[in-house]
Structure formats: structure tokens, C-alpha cells
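Here are my notes after a look through your model. Have the structure open while you read, and check each point against it.

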Amino acid sequence: MKRGRKNSKTSSHLSDEENTVDGKKVKITDEESAGVFQSPDWGNLIPDIVLKVFRYLPLLDRAHASQVCRVWNKVFHMPELWRCFEFELNQPATSHLKATHPELIKQIIKRHSNHLQYVSFKVDSSKESAEAACDILSQLVNCSLKTLGLISTARPSFMDLPKSHFISALTVMFVNSKSLSSLKIDDTPVDDPSLKVLVANNSDTLKLLKMSSCPHVSPAGILCVADQCHGLRELALNYHLLSDELLLALSSEKHVTLEHLRIDVVSENRGQTHFHTIEKSSWDAFIRHSPKVNLVMYFFLHEEEFDPFFRYEIPVTHLYFGRSVSKEVLGRVGMTCPRLVELVVCANGLRPLDEELIQIAEHCKNLSAIGLGECEVSCSAFVEFVKMCGGRLSQLSIMEEVLIPDQKYNLEQIHWEVSKHLGRVWFPDMMPTW
């Protein structure tokens, strides 16, 4: 292709230009000519456009782009880009994950701490990373956070810190943040006095609190939160913090309707953990106040520790068994959990769960998701279970090893039969081979 100007000296003064393209003469305007022969000036892009582009870039790419020109560097430091930030703190010797560069952390504390609103700390299993997170947290004295998350990617390293060091850093943030709405502090040494500081400064705004596996918090500590934070909508805690008083506090007229309650039932030492019983009247009051609440329960117990549970009707909606659970307990689930929406059983043993599944399908009319791991169910019973639940089963995750062929169905036939009752194509999950 040959493209040239008829008169390079005077073309800029002409309203139209004549160019030759493949031997033919064509006319283009001055504006089109300028587009052909001039490179774009990226520095003249509207800052709002650059800001939108920067929001899609990873932090490192954004930092590199900020070196293009002064305008882009100015955009790089605009408050809108620093409202949400995740500090990734890892030790190179023990983690393959990328870490936030120390110089960038200094820049953030120096220039952008007052812009931060949505902050999370993701730390590896090292004590050094947890200490670094606390050091940063204690320096955020000029910001008013709306959300804070302390996340351990592996072993809970915050628990290795001296309690006083962690509490000191956390309370600095509680005091300076007057509008905290979301707090995730699972697996940390938070205690009752620090929760009182949280309530004193953020009781009107706190809506979400996740604090599973916090051994220094007592039932009285979490009750203080429920009594004062009437806007709380989501709560996650361990079973030892759950009490009749807490459920009644969450059911008071002053308190808003709770949307999500997660309870982790964990046995630390086999045979040495005592599990108390919650009164049915407390559950009833709670459900009357929050009829649409999602009550999620994770069980990590040994079989002999289930005795206090599922003895009467409870309003659980999502139920997960992380360890082996007996046929007897699953039978009680079918009789006492009418609101059940999702059930996951990781292991059961070698006794088929035929009767238990049929009972669950019969009594749990809202069940829409089920997952079975190391269990056994006859193909006939499984087909009957699916037939009873019908198309409401939106999630059906069953390992192929769970299904035991019988005289009526083999594994190939069960695929077609279950698909027919679900109204969609279904296959059992298969263990991958490497």
C-alpha cells in the first residue's frame, strides 16, 4: 500500500487532501489526516477515564502505569483508588504467595491512610506476618474504616502473638473508626474488653461480625455486642458462645431482623468438651423475630459427642458434617430440621443411609441441595429420594462410590433415572485420577 500527500508543505492548510491508495486517488479531511500522521497524546486523557482504567489494573501494573506521566501519577494517588485495599503479608522463605511491597505499605500509611475504608489483611502461617499486620493496623490512626478483615491463609498465626500486642493494635482501629459496619476476626485473640471498645464506638453502624474460634471471648462478651448493636444482621461464632440469653437478645424488639447466623460446633479434645443445650423456647423466640434467617451449622464432632444435638426441633437451614456422623444422628436430623435447605455429609461409614435419606426427603420440604462423601446409599433408595424431592434439588453432589448397585438399578441406569426426575442431565461425581 502506498500512502502519501500531494503537497506535504501545504496539506495542513487545505480543507481536503488527495491521497493515493492502491493507485486510486482518495480525499480525506484534515482531522483524518491528523489521526494518520500524529500519535495520540496519552497525557491528555481525561483523568476520570484514566481512573476507570486504573480500577481494572492489578496494583503492580497500576504502579508502573503511574510512571508514564504526571497526570497518570496524580490519578494513581486519587482517594477513589485507595478506599479498598488488601494487605498481603507473607514470608518469602515459607510462602509462594506474593506480598505487598514494604515501600508501598509505607506510601499507603503516609499518603493514603485517611482514604482507606475497606481493608483486609491476608497473612500466612508465620508469626512475623501477623506482627506486621498489627504494626500496620496500629498506624491507621487517621482513617475511619467501614470494613476490616483479618484473614489467616493457613495456620491461624494471629494466635501466636502476645495477646496485649494484638489487642492494642485492634483497639486503636476500634477507637478511630466510628462507622465500622463489617468485622471479620476469626482465629484471633480478641477478648471481652476489646469488644466493649468496639461497641462503645461503633454500636450504631455494626452490621456483620464474624469471630469463630476466638477462645478469649466469653458468652458475656458476645452478649454485650448483641445487646448494644441493634443493627447487627450477620453473626458467626462458636457454639460455646451461643446461649439462651444471646438468642433472646437477638430477638428483642429493638434488634433488627437477623439475616445470617453461623455456628461452628467444634470439639478440640475428644471426650473432654462439654456441649450445653439450648432451650427450644429460645429458638422459637429467635425464629419468630427473624423468620427468614439462614441458620448455618458446621459440626466437627466425634460420633459420641452428638448426644445433646437434634433432640428437638431446631431451625437450622444449612447443615455441614465435617467428620463421620452416625445413622442415628442423621435419622434425628430428618425429624428435627424442617427448615433444612442444604445438607452435606462428608463421611458416615459402611452402613447404607437408605432410610435416613428417605426420612429427610419426607420431612425437609425445603431441601434443595445435598452432598454426600464417604457414605453408602443403594441406587434404589437414592432414586426414591430424588423422586420425592423432585426438581427443587438444584445441587446434587454425590460421589460415584457412594451409590451401591442393586437388583433394580446399576450405575448406568441411575444416571437416566435421576436425570428424568430432576428434569435435567445429571451424573454422579467421580474421583479424579492423576
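The points below go through helix packing, the core and the salt bridges.

1. A reminder before the details: this is a predicted model, and every value below is computed from it.

2. Start with helices α13 (residues 354–363) and α14 (residues 379–389), whose axes are 9 Å apart and meet at an angle of about 5°. Angles under 35 degrees count as roughly parallel, so α13 and α14 are roughly parallel to each other. On the α13 side, the contact uses Asp-354, Leu-357, Ile-358, Ala-361 and Glu-362; α14 brings Ala-381, Glu-384, Phe-385, Met-388 and Cys-389. Sorted by class, that makes 7 nonpolar and 3 charged residues, with no polar ones.

3. Next, the largest nonpolar core, which has 122 residues. Which of them touch the most other members? They are Phe-121, Leu-148, Phe-310, Phe-321 and Phe-382. Helix α14 gives the most to this core, with 7 residues.

4. Phe-382 deserves a click of its own. Beyond its neighbours within four places in sequence, Phe-382 is in contact with Val-377, Leu-396, Ile-398, Leu-403, Ile-414, Val-418 and Trp-426.

5. Have a look at helix α8 (residues 192–202) too. Its buried residues are Asp-192, Ser-194, Leu-195, Leu-198, Val-199, Asn-201 and Asn-202. Their cover includes α7 (163–176), β6 (182–184) and α9 (219–228).

6. The whole structure has 12 salt bridges. One of them joins Lys-163 to Asp-191, with the closest N and O atoms 3.3 Å apart. Lys-163 sits in helix α7 and Asp-191 in the loop between β6 and α8, so this pair, 28 residues apart, links distant parts of the chain.

7. Asp-264 counts as buried because its relative accessibility is 8%; Arg-262, at 28%, is partly exposed.

8. Within helix α15 (residues 411–422), Glu-417 and Lys-420 lie 3 residues apart, about one turn of the helix. Their side chains meet in a salt bridge of 3.1 Å, N to O. Glu-417 is buried, with a relative accessible area of 18%, whereas Lys-420 is exposed at 55%.

9. Finally, a network of salt bridges links Lys-327, Glu-355 and Glu-356.

Definitions and conventions. Residues are numbered from 1 along each chain as its sequence is written. This is a predicted model: local features need pLDDT of at least 70, side-chain atom pairs count only at pLDDT 80 or more; totals for chains, interfaces and linings use all residues. Side-chain values use heavy atoms; hydrogens and water are left out. Axes are lines fitted to C-alpha atoms, for helices over the stretch in contact, and angles run from 0 to 180 degrees between N-to-C directions. Helices (H or I, at least four residues) and strands (E, at least two) are DSSP runs, numbered from the N terminus. Angles under 35 degrees count as roughly parallel, over 145 as roughly antiparallel, 65 to 115 as roughly perpendicular and the rest as oblique. Contact means heavy atoms within 4.5 Å. Ala, Val, Leu, Ile, Met, Phe, Trp, Tyr, Cys and Pro count as nonpolar, Asp, Glu, Lys and Arg as charged, and the others, Gly among them, as polar. A nonpolar core is a set of buried Ala, Val, Leu, Ile, Met, Phe, Trp, Tyr and Cys residues joined through side-chain atoms within 4.5 Å. Buried means under 20% relative accessible area, exposed over 50%, partly exposed in between (1.4 Å probe, protein chains only). A salt bridge is a side-chain nitrogen of Lys or Arg within 4 Å of a carboxyl oxygen of Asp or Glu.
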